[in-house]
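Please look over the model below before reading on. My comments follow as numbered points.

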Amino acid sequence: IQWYPGHMAKSKKEIISNLKLVDVLYEVVDARIPVSSRNPDIDDIAKNKKRLILLNKADLADDEVTSLWIQYFKQKGIAAVKINSITGMGIKEIMDTTKQVCKEILDKKQQKGMMPRLRVMIVGVPNVGKSTLINKLIGSKRAKTGDKPGVTRALHWIKTPNFDLLDTPGILWPKFDDEKVGVMLALTGAIKDEILDIEELAIQLIEILKKYYANYLMSRYKIDKIIEDNFEILKEIGRKRSCLISGGEVDTLKASQILIEEFRSGKLGRISLERP
Ligand code: GTP
């Protein structure tokens, strides 16, 4: 998605107006990068709304770090649940937590003689898995992936066994003025890598891996010891994977692509790039 200020304003306006129609907001983030995959304005936009943060793609993230994030958001007064939208892991916990968070609303509806059903909207930045989650919640393919932001559509409500869900997610923009955010989004595949230098991305990934996941790095690429120079580590990965160009030099571009692909697909292990 190409974001322009006009898009952002329109998307924000749309979300604010839809927010009035729902009881609770599900903010989907990528569990591997819960800071970089959040929208800078959402805390403000959702200030007066019941909300759950859904740490999606938890299957790819480091479980211990994900627990720290759940604690972190809890301390901020926001309930967070780890999920895997593909398998449906965590969906029951979403339901249970929603009932707790919205207890007052549900009680009030019941007192008024209304059906104690909640209305829910899903929001998040591109690629965090909003559409996959919607499809899982409703049990059929409904939400389109890759929708354009800020394009107003007719509202549709989908009845799930537990609540009514707005069928189109709110697409939010990330904090792209922060360079580190750009790196995190590119590493997780949320933005196209053509925008950033792939070798630079690999070097940044190696820096994080060295600090927290040196054992994964060593065992996957049969590296004996972790050295200071990240570019040398990248070259060693290239050698181990036979990424060589004529003259026996290492093809560091190829090595970078392999490393990043193996991180993204989880082959390298369950890795969190950000921690509280
Ligand atoms: P936009 O339409 O760009 O806003 O993206 P989205 O937020 O709707 O994300 P989408 O559902 O299209 O998912 C993006 C990619 O992440 C897809 O390749 C999904 O298969 C993958 N994905 C979604 N949820 C999970 C998850 O829990 N685990 C893993 N491993 N992959 C996931």
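This is a predicted model: local features need pLDDT of at least 70, side-chain atom pairs count only at pLDDT 80 or more; totals for chains, interfaces and linings use all residues.

1. Residues are numbered from 1 along each chain as its sequence is written.

2. Strand S2 (residues 50–56) pairs with strand S3 (residues 79–82) in the parallel sense, over four bridges. Helices (H or I, at least four residues) and strands (E, at least two) are DSSP runs, numbered from the N terminus; two strands pair if DSSP finds at least two bridges between them. Opposite Leu-52 stands Ala-79 of S3.

3. Together with helix H3 (residues 63–75), S2 and S3 form a right-handed β-α-β unit. Right-handed means that, with the strands pointing away from the viewer, the path from the first strand over the helix to the second runs clockwise.

4. In H3, Val-65, Thr-66, Trp-69, Ile-70 and Phe-73 are buried (20 or more other C-beta atoms within 10 Å of the residue's own; exposed is 12 or fewer, partly exposed in between, with C-beta atoms placed from the backbone). Seen down the helix axis, the buried residues of H3 fall within an arc of 150 degrees, so they line one face; the arc is that of the directions from the axis to the C-beta atoms. The face turned away from the buried side carries the exposed residues Glu-64, Ser-67, Gln-71, Lys-74 and Gln-75.

5. Just after H3, Gly-77 takes a positive phi of about 85 degrees.

6. The domain assignment, automatic or from a database, gives domain 1 (5–171) and domain 2 (197–264).
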